[in-house]
Amino acid sequence: MDNRAEVREFLMSRRARVSPEAAGLNAGGNRRVDGLRRSEVAAIAGVSVEYYAKLERGAIAGASASVLHALSRALQLDDAERAHLFDLARAADGIPTSGRSRGRVAKAAAPRPSLHWALDAITEAVAFVRDPQQNLVAMNALGRAFYTLVVGDGGRMPNLARFQFLDPASHEFYPDWELMARMCVGVMRAEAGRDPHNKAMQDLVGELSTHSETFRQLWAAHDVRIHGTGTKRFRHPLVGELVLAFEELTLTAEPGNVMLIYSAEPGSPSAERLRLLASWEAADARGEIGKAQLS
């Protein structure tokens, strides 16, 4: 896949975001572009205007690490954006990232029994594994109770991006819906930069772009995000509001897949509500309460 359009739009969007003042320049008058001019970026990065113009046209193949670092400084990229720029350059060079093949994406294998054992051993936190396309491929018992709205009763693999943008229930589940939407698209955009040959990701982006104006707008912004760690708010239909901290762990045995663990601060109302949800899930698994009470 030729990723020149992706490179061009990313660099142009980052350049438009940096004001001359933020770059320590005198803005002057008669500026017909948002942000910096190409010549200003080139001067700050220490490259010729012609070379920067070539890069911004998408011809990033062969760019050295020193040039990419200089561009990152000139465009004031954050860590996620800098990593995305390097991923785009590697893809243009034909170098796979994270041990991933550049060929056709293989059909996902069933999660290993040992992965299920590890997830099931986590009993006081929500734990699940998702793939680069935001599919929930495995989760612990509390995770299934937590994501009951996402998992549903259908046969399709539950997908966090489809739930976010295509299911009205997501607006209730995510009190900070706009923030969660930006996070979801930022993570997907970073994944697409790492593996531009991922047909499943291309299909998902096409589907969401067709059915969600919000997704289209966010995707066009070219913002990227590294998930890592943080705090999120949820409103569960059974136990109410939960404020949970998350940690993202890379699964080295399955390049591209990550494990996420959502836990509550000990002694907090969210911790009590999470324990209540876990107890109800355990009781339901034993057949002590009906499914109707959990739906």
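In which hand does α11 pass α12? The crossing is left-handed. Here, left-handed means that the near helix is turned anticlockwise from the far one by less than a right angle, and right-handed means clockwise. Helices are DSSP runs of H or I with at least four residues, strands are runs of E with at least two, and both are numbered from the N terminus.

This is a predicted model, in which local features need pLDDT of at least 70, side-chain atom pairs count only at pLDDT 80 or more, and totals for chains, interfaces and linings use all residues. Residues are numbered from 1 along each chain as its sequence is written, and side-chain values use heavy atoms, with hydrogens and water left out.

Stay with the helices. Two packed helices are described by the angle between their axes and the distance between the axes. Axes here are lines fitted to C-alpha atoms, for helices over the stretch in contact, and angles run from 0 to 180 degrees between N-to-C directions. The axes of α11 and α12 come within 11 Å. They cross at roughly 145 degrees. From α11, M188, E191 and A192 meet M201, L204, V205 and L208 of α12; contact means heavy atoms within 4.5 Å. This contact holds six nonpolar residues, one charged and no polar. Ala, Val, Leu, Ile, Met, Phe, Trp, Tyr, Cys and Pro count as nonpolar, Asp, Glu, Lys and Arg as charged, and the others, Gly among them, as polar.

Next comes α12 (residues 199-211) against α13 (residues 213-220). Their axes come within 5 Å and cross at roughly 125 degrees. That angle makes α12 oblique to α13. Angles under 35 degrees count as roughly parallel, over 145 as roughly antiparallel, 65 to 115 as roughly perpendicular and the rest as oblique. The crossing of α12 and α13 is left-handed. On the α12 side, V205, L208, S209, T210 and H211 take part. E213, F215, R216 and W219 answer from α13. By class, four of the contact residues are nonpolar, three polar and two charged.

Another helix pair is α2 (residues 38-45) with α4 (residues 65-74). Their axes come within 8 Å and cross at roughly 120 degrees. This makes α2 oblique to α4. The crossing of α2 and α4 is right-handed. V41, I44 and A45 of α2 touch A70, L71 and A74 of α4. The contact has six nonpolar residues, no polar and no charged.

Now the sheet. Strands of a sheet pair through backbone hydrogen bonds, either parallel or antiparallel. In this model, two strands pair if DSSP finds at least two bridges between them. Five strands form an open sheet in the order β2-β1-β5-β4-β3, with antiparallel pairing. β2 and β3 stand at the edges with a single partner strand each, so one side of each has no neighbour in the sheet. Neighbouring strands are turned by 30 degrees against each other on average, direction ignored.

Walk across from β2. Three bridges join β1 (residues 126-130) and β2 (residues 136-139). V129 has A138 in β2 as its bridge partner. The hairpin of β1 and β2 has five residues between the strands, and Q134 there takes a positive phi near 70 degrees. On to β5 (residues 258-263), which runs antiparallel to β1 over five bridges. V126 is partnered by Y262 in β5, and R130 stands opposite V258.

β5 also pairs with β4, over six bridges. E247 stands opposite I261 in β5. T250 has V258 as its bridge partner. Eight bridges then join β4 (residues 240-250) to β3. A hairpin of three residues connects β3 to β4. F234 stands opposite L242 in β4.

Rings of Phe, Tyr and Trp (its six-membered ring) pair if their centres lie within 6.5 Å; planes under 30 degrees apart count as stacked, over 60 as edge-to-face and the rest as tilted. By this rule there are 17 aromatic pairs. One of them is Y174 with F234, a tilted pair at 6.1 Å centre to centre and 55 degrees between the planes. The pair links distant parts of the chain, 60 residues apart. Y174 lies in the loop between α10 (169-173) and α11 (177-194), and F234 lies in β3 (residues 229-236).
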